[in-house]
Amino acid sequence: MDHVATIAALKALSQEHRLAAFRALVAAGEGGLAVGELREIVAVPAATLTAHLNVLRNAGLVVDRREGRSIRVRADYARMTALLAYLTENCCAGAEGACETPTDCC
């Protein structure tokens, strides 16, 4: 992941409802959530959730698929992992294996 994609992802997550939606999708696992289920969790109007999901989608953090009449959304775990890797690539001055957990760093 490059710095431009990282900035886009962090910007997308810098809003309270988008962060809550993304965290709910991460917690939901690979199956994700129907948009209606996610709307109940985040507690925002449907149009507002659509706008938030568009920002997360444009940042590559979520993907969706149509299932009949509903749309299911899930976190893009590969993108999330790439973001975390980018943010921690210089942890412990880049010493490989030195930072098994974030608390090991520094």
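Is L84 buried, partly exposed or exposed, judged by its relative accessibility?

## Basis of the description

This is a predicted model, in which local features need pLDDT of at least 70 and side-chain atom pairs count only at pLDDT 80 or more, while totals for chains, interfaces and linings use all residues. Residues are numbered from 1 along each chain as its sequence is written, and side-chain values use heavy atoms, with hydrogens and water left out.

L84 counts as partly exposed because its relative accessibility is 48%, where buried means under 20% relative accessible area, exposed means over 50%, and partly exposed lies in between (1.4 Å probe, protein chains only). L84 belongs to helix α5, residues 77-88; helices (H or I, at least four residues) and strands (E, at least two) are DSSP runs numbered from the N terminus.

Together with L10 and L87, L84 forms a nonpolar surface patch whose accessible area is about 270 Å². Such patches are made of residues with over 30% relative accessible area and no salt bridge, with like charges joined within 9 Å and nonpolar side chains (Val, Leu, Ile, Met, Phe, Trp, Tyr) within 5 Å; a salt bridge is a side-chain nitrogen of Lys or Arg within 4 Å of a carboxyl oxygen of Asp or Glu. Accessible areas come from the Shrake-Rupley method with a 1.4 Å probe, and for residues only the protein chains shown count as cover.

## The sheet

The open sheet consists of 3 strands in the order β1-β3-β2, with antiparallel pairing. Its edge strands, each pairing on one side only, are β1 (33-34) and β2 (62-67). Two strands pair if DSSP finds at least two bridges between them; β1 and β3 (residues 70-75) run antiparallel and are joined by 2 bridges, and A34 has R72 in β3 as its bridge partner.

## The surroundings of H52

H52, in helix α4 (residues 46-58), is buried because its relative accessible area is 10%. Beyond its neighbours within four places in sequence, H52 is in contact (heavy atoms within 4.5 Å) with Q15, H17 and R18.

The side chains of H52 and R18 are also joined by a polar contact of 3.4 Å, that is, a pair of N or O atoms within 3.5 Å; within protein, one must be able to donate a hydrogen and the other to accept it, and residues adjacent in sequence count only if both atoms are side-chain atoms.

## The chain as a whole

The elements of the protein chain run α-α-β-α-α-β-β-α from the N terminus on, and 32% of its 106 residues are buried.
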